[in-house]
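I opened my notebook to write down what I looked up in this structure.

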Amino acid sequence: GESQRLYLHIDGGAMNYGGDLQDKLFTLSQANAVIGGGLYYKLSDHIALEGSLVTGKLASSDAKSNTESYRRNLSFYSTITEASLLVRVNLWDAPGDKRFTPYATMGIGFFHFNPYAYSPAGVKTFLRPLRTEGQGLPQYPDREIYKLNEFCIPFGGGITYAISDHVMMGAELNFRKTFTDYIDDVSSKRYADTAVIRAMRGDLAAKMSFRSDETDNPYTFSDRITRGNPDKKDVYYSCVIKLYISLDGLFSPGNNSETRSIRK
């Protein structure tokens with residue numbers, strides 16, 4: 001019989017972010033769940049295409065930082081929904097010549113995000129409409145309102161193990177290079193003047209833009225230096241376990257009894 005080519009995949013694991021509110025480049029501290037799925041199609045023994053739709057949550061808080069940035073006291077949460085198409089290069093043919101194979105993967109993705117935080121009163125508040133860095137205000141003509149839908153470049157690698165011709169298990173680490181610095185609503189080096197934000201966008205916006213005054217060691221206006229780093233874009237990444245189930249039998253009944261056994 002013919003080797004299986006088309007699989008459904010179901011994914012679950014942890015997702016995290018790297019950016020202005022995260023000290024470490026890679027960490028599972030403050031990670032959240034991610035789930036997803038899609039289709040996997042083997043073009044040849046070594047090349048495959050994988051389409052995925054995933055949703056997860058990103059979050060980070062200065063209050064949990066061990067560095068001086070706890071004084072800044074900013075935080076964010078965001079649901080991430082991402083569609084991607086990746087090309088995958090398998091070192092070995094599995095299921096086929098081998099039961100397992102390491103692989104590398106890269107492609108293009110499109111994702112939606114929308115950062116929010118909790119006000120001092122505990123109210124969930126979306127941050128983009130507040131213009132916390134003066135985006136779109138006439139006083140800050142160089143600060144543009146950011147988009148909530150962006151492209152990304154997913155890349156990574158993993159390993160799959162064929163339990164049978166029809167079922168594979170895998171583990172994957174996948175990074176996303178993005179072209180936005182606003183997944184966390186933080187980018188500009190300098191704070192916008194809270195008086196300007198209050199006048200233009202209201203009290204809540206001013207409160208959410210500068211939160212150091214909620215700490216035991218607040219910045220004064222003179223030393224309120226750095227809010228973000230505009231030179232480094234945000235990234236996010238996921239560690240997932242994947243289950244692959246062959247769909248070939250659905251389209252060609254009768255081939256099921258005659259599947260190719262895995263050669264030792």
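Which residues does D62 touch, not counting residues up to four places away in sequence? I found L21, S69, Y70, R72, N73 and L74. Contact here means heavy atoms within 4.5 Å.

**Ground rules**

I noted that this is a predicted model, where local features need pLDDT of at least 70, side-chain atom pairs count only at pLDDT 80 or more, and totals for chains, interfaces and linings use all residues. Residues are numbered from 1 along each chain as its sequence is written, and side-chain values use heavy atoms, with hydrogens and water left out.

**Entry: D62 and its loop**

I placed D62 in the loop between β3 (47–61) and β4 (75–90). Strands are DSSP runs of E, at least two residues long, and helices are runs of H or I, at least four long, both numbered from the N terminus. Is D62 buried or exposed? D62 is buried, with a relative accessible area of 1%. Buried means under 20% relative accessible area, exposed means over 50%, and partly exposed is in between (1.4 Å probe, protein chains only).

I then followed the side chain of D62 to the backbone nitrogen of N73, at 3.4 Å. That is a polar contact: a pair of N or O atoms within 3.5 Å, where, within protein, one must be able to donate a hydrogen and the other to accept it, and residues adjacent in sequence count only if both atoms are side-chain atoms.

N73 is found in the loop between β3 and β4. Its phi is near 65°, a positive value in a residue other than glycine. N73 counts as buried, at 16% relative accessibility.

**Entry: other backbone spots**

I found a second residue of this kind in R131. Its phi is near 55°, positive in a residue other than glycine. R131 lies in the loop between β7 (124–126) and β8 (149–162). R131 is buried too, with a relative accessible area of 15%.

Which peptide bond did I note as cis? The bond from A94 to P95 is cis, with omega near -10°. P95 lies in the loop between β4 and β5 (100–112).

**Entry: strands that pair**

I looked at β10 (residues 235–246) next. It pairs with β1 (residues 6–18) in the antiparallel sense, over twelve bridges. Two strands pair if DSSP finds at least two bridges between them. N16 stands opposite Y237 in β10.

How many bridges join β9 (residues 167–178) to β10? Eleven bridges join them, and the two strands run antiparallel. Here M168 has Y244 of β10 as its bridge partner.

**Entry: helix α1**

In α1 (residues 194–201), I found T194, V196 and I197 buried. They cover an arc of only 155° around the axis, so they sit on the same side of α1. The arc is that of the directions from the helix axis to the C-beta atoms. What covers these buried residues includes α2 (203–209).

I checked both ends. D193 caps the N-terminal end of α1, with a side-chain oxygen 2.9 Å from the backbone nitrogen of A195. Just after α1, G202 takes a positive phi of about 105°.

**Entry: the cores**

A nonpolar core is a set of buried Ala, Val, Leu, Ile, Met, Phe, Trp, Tyr and Cys residues joined through side-chain atoms within 4.5 Å. The largest has 19 residues, and Y17, L58, I80, F111, F113, I183 and Y236 touch the most other members. The elements that give two or more residues to this core are β1, β3, β4 and β10. Apart from it lies another core, of eleven residues, among them A117, L137, Y140 and I197.

I picked out I183, in the loop between β9 and α1. I183 is buried, with a relative accessible area of 0%. Its contacts, not counting residues up to four places away in sequence, include Y17, F76, P115 and D234. The C-alpha atoms of I183 and H112 are 71 residues apart along the chain and separated by 9.5 Å.

**Entry: cysteines**

How many disulfides does the structure hold? I wrote down zero. A disulfide is a pair of cysteine sulfur atoms within 2.5 Å. The sulfur of C152 is 16 Å from the closest cysteine sulfur, in C239, too far for a bond. C152 counts as buried, at 0% relative accessibility. C239 is partly exposed, with a relative accessible area of 25%.
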